[in-house]
Amino acid sequence: MNFTGANILSVDQFERTDIETIFTVADSMQPYALRQKVTRVLEGAILGNMFFEPSTRTRVSFGCAFNLLGGEVRETTGFQSSAIAKGESLYDTARVLSGYSDVICMRHPAEGSVAEFAEASRVPVINGGDGANEHPSQALLDLYTIQKELRDRGRSLDGLRIAMIGDLKYGRTVHSLIRLLCLFDKLHVVLVSPEELAMPEMYVEPLRQAGHTVTVSSDLANSIGGVDIVYSTRIQEERFASKEEADIYRGRFRLNQAIYTQYCEPNTVIMHPLPRDSRSDANELDNDLNQNPNLAIFRQADNGLLVRMALFALILDVADQVDHYSRPVTWYHRRGV
Amino acid sequence: MNFTGANILSVDQFERTDIETIFTVADSMQPYALRQKVTRVLEGAILGNMFFEPSTRTRVSFGCAFNLLGGEVRETTGFQSSAIAKGESLYDTARVLSGYSDVICMRHPAEGSVAEFAEASRVPVINGGDGANEHPSQALLDLYTIQKELRDRGRSLDGLRIAMIGDLKYGRTVHSLIRLLCLFDKLHVVLVSPEELAMPEMYVEPLRQAGHTVTVSSDLANSIGGVDIVYSTRIQEERFASKEEADIYRGRFRLNQAIYTQYCEPNTVIMHPLPRDSRSDANELDNDLNQNPNLAIFRQADNGLLVRMALFALILDVADQVDHYSRPVTWYHRRGV
Amino acid sequence: MNFTGANILSVDQFERTDIETIFTVADSMQPYALRQKVTRVLEGAILGNMFFEPSTRTRVSFGCAFNLLGGEVRETTGFQSSAIAKGESLYDTARVLSGYSDVICMRHPAEGSVAEFAEASRVPVINGGDGANEHPSQALLDLYTIQKELRDRGRSLDGLRIAMIGDLKYGRTVHSLIRLLCLFDKLHVVLVSPEELAMPEMYVEPLRQAGHTVTVSSDLANSIGGVDIVYSTRIQEERFASKEEADIYRGRFRLNQAIYTQYCEPNTVIMHPLPRDSRSDANELDNDLNQNPNLAIFRQADNGLLVRMALFALILDVADQVDHYSRPVTWYHRRGV
């Protein structure tokens, strides 16, 4: 695809070479994110960071990514302060707001809303999440993290072995990630969930069609050996038909250090889309994994910044000028990743 | 008036030459708003964008206008996060907040509040809307739009023929616009509303006194021929004494393409203060006008940015330095207005 | 202490020389706050201004302080938009958010939360208030104000005579201020409150131990003569056991110009942590003091900006580079303090 001036709305718009382009640019952003250098390439540009549904981490990540390239950010958060509540159409909102900035990042609770908005916008639009539908920068940062973690271990996306765990029926992030993974070769995918929260066939079928190996299970312990990546997601109790049903699975999809040590290969990478529920009754990742160097969940967040910087640089066509506008950092900077 | 360091509180403070000054500076901002150039003239300056009542579009427009001049923006939105709720006086709020920034834009639900705030402020204050009272930058952008649209059609503000439609009793924007129009010569003003929502005499009388022609009507179709501008506003049902009363007028002030074609002169400009209610039962502008090149409602929003940039440049006395601090744009920029 | 990269969590971490360092740097920030010069020393740096509890004045003050040094600010306000509400631990929040910025300012309703956050953060953290516990920049700006006001009157912190008035039991600001005052010599402290809102012994005892003079009273008029500083705070009626109890003290801790003239020495400085309750039944400072040149409450707010600029400059190790990155101001600037 031609990134210049493009909207980023769905993972479906990417081919494998597009992914590789994004990741190469993301790699080049590392010195700026780590504050080894500063760039002012977008000095004077404005991001409209329009979050019609709140999401602190995604909003701040997009905003900081734009700031790190030297640009300014104007924001809105929530519905109450919006003309949309007075009956304004997405068309009108888009026509007006797109007159103010150089690029817009938008989150909105309604599926398809961001694409409709982008249709009327006069500047490029990045989908920051439209309900249950798409959140492409999350899928990209997940895939980018997998690639980096594998690279450190001498492996690559082709031949990846990954276990996805938790609510695979409603989880937007695993659906998008699966669709991106289909661009690569010879995957072994293990899908681990309660039966009623299984991955829908519409996502599984294309994997099988493309010749990848797919295993389905509802047993965590015997599914996480022999994989490179364990990708855990939240199971919300209210997804089950009854409390009794929920009780059957209680704690059975929770990963902790003891289970990891007993069942996983050494150096198996642990991922999660975040936020992680750290309350004691949560069905996710235990806090006792925090010291495990293979816990990559915070590296995922750090990588999100790099991927978002890359998207802005590509859309605004400055990827090859970033270094030209670079300077040394003169202040105390943080203690590495 | 002397703009340097001045507050912008009311349309009443402007003479005709002041309007012309603002519009000339606004014209000069066009290349920056269109991203043909970038200026950093206000680099290091801070706008305090204090919205004690939410208004996404006005807040973002002021903020982007300041960013486009190179300045920074600090904001607040809503009451809940404010010391005002703990009994702090506007005097105290103004004394404190005006120590932080170089200029303040303030919106507040209480009439007169912004003027009271400005009295105690140590930096210039722009009224971003104080309840039903004033919203001078909206009136200025409306008048600026009228002038630009007329200029493109070989006409000028003197001799303007305008129809104002809808709720003329409570509509803040039409009241302010009327007061600005009084500065020009030989107007023909047609006031179209339900009888109980007619323009108050306090606004009509000065028009007649100044020798302008005023026509009052409650019939849309026969009022919109023979004018240069149709300025439509919302009628809220709750303004009527009863549902029966509202039903009488239902749909009778709605403008669509068929009515426009049948009754308006060619190239009649259509305006609206926005947001437009696009729901099917709204008494405003139909979506089937969206492709009509005379629909100027989004050009109004774009012009708002120019007018607000002009106000900042004049108040902070940098209007003649903007070009001196200009640079070429190095990133992909949007596809024109 | 070594400021570079340090967290600012509690007033207890400062020694007298640290205070003197902060105040010297704060003094050097004055020309920038007054817009006699602009500095871009932190251009490219990002402050994460994380207010999980709203506080307009503190949030905007920190944000503007960072902008005045040339840096960018990304913010969050309130709980609703936060993953914390979904069970995310402070550890996770800190790990993620600290990957985005160069320094974080955090306010949070829970005591000890900011220290817990700082423990996991990868960048320095400033406590912007953690419930009833600490708000160190407020204590520093109070002490800085006292020092400046005394200096103008030919006196110093050693030998200070101060009366603290109001709710001394629950008032976070007076507790922190007392702890800082203990670093100086030969104080005379007068504690004026209703008996049931007296200063807790844990704060009074160290003062007496260090050889300072402490007087306790519940009579305002006879306590405010013979002091350099009157520091007034709010008494909230709901703090009393009963309405009858509250009625006993009604209005007895209110300071107005008549009482000031009758009982205070000339040039006694009046302070208050703000916001001041200006409603007629408030037990605080009367509006008729507003013209009194010794009312220092707005100078306190202005000094807050200087102290926060100093903290950022010290933590990020740029205090001695601020002037190197300075420029003249080219726009209209405000009418002095």
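1. Asp317(C) follows H10(C) and has a positive phi, near 60°. The model is predicted, and this value should be read accordingly.

2. H10(C) itself has 19 residues, and at 1.5 Å a residue these should span 27 Å; the C-alpha atoms at its ends are 27 Å apart, so expectation and model agree. The helix is mostly covered, with 18 of its 19 residues buried.

3. Chain C and chain B meet through 29 residues of chain C and 33 residues of chain B. On the chain C side, the elements that give two or more residues are helix H2 (56-68) and helix H10 (297-315). H2(C) gives the most to this side, with 7 residues. Sorted by class, the side of chain C that touches chain B holds 12 nonpolar, 8 polar and 9 charged residues.

4. Chain A is assigned two domains: domain 1 (11-134 + 302-328) and domain 2 (137-298). Taken over C-alpha atoms, the centres of domain 1 and domain 2 of chain A are separated by 27 Å.

5. Within chain A, 18 residues of domain 1 are in contact with 16 residues of domain 2. Helix H1 (16-33) and helix H10 (297-315) of chain A are the elements that give two or more residues to the domain 1 side of this contact. H10(A) supplies the largest share of that side, 6 residues. By class, the domain 1 side has 9 nonpolar, 2 polar and 7 charged residues.

Notes: Residues are numbered from 1 along each chain as its sequence is written. Chains are lettered from A and ligands numbered from 1 in the order in which they are written. This is a predicted model: local features need pLDDT of at least 70, side-chain atom pairs count only at pLDDT 80 or more; totals for chains, interfaces and linings use all residues. Two residues are in contact if their C-beta atoms, placed from the backbone, lie within 7 Å. Helices (H or I, at least four residues) and strands (E, at least two) are DSSP runs, numbered from the N terminus. Ala, Val, Leu, Ile, Met, Phe, Trp, Tyr, Cys and Pro count as nonpolar, Asp, Glu, Lys and Arg as charged, and the others, Gly among them, as polar. The expected span of a helix is 1.5 Å times one less than its number of residues. A residue is buried if 20 or more other C-beta atoms lie within 10 Å of its own, exposed if 12 or fewer, and partly exposed in between; C-beta atoms are placed from the backbone. Domain bounds come from an automatic or database domain assignment.
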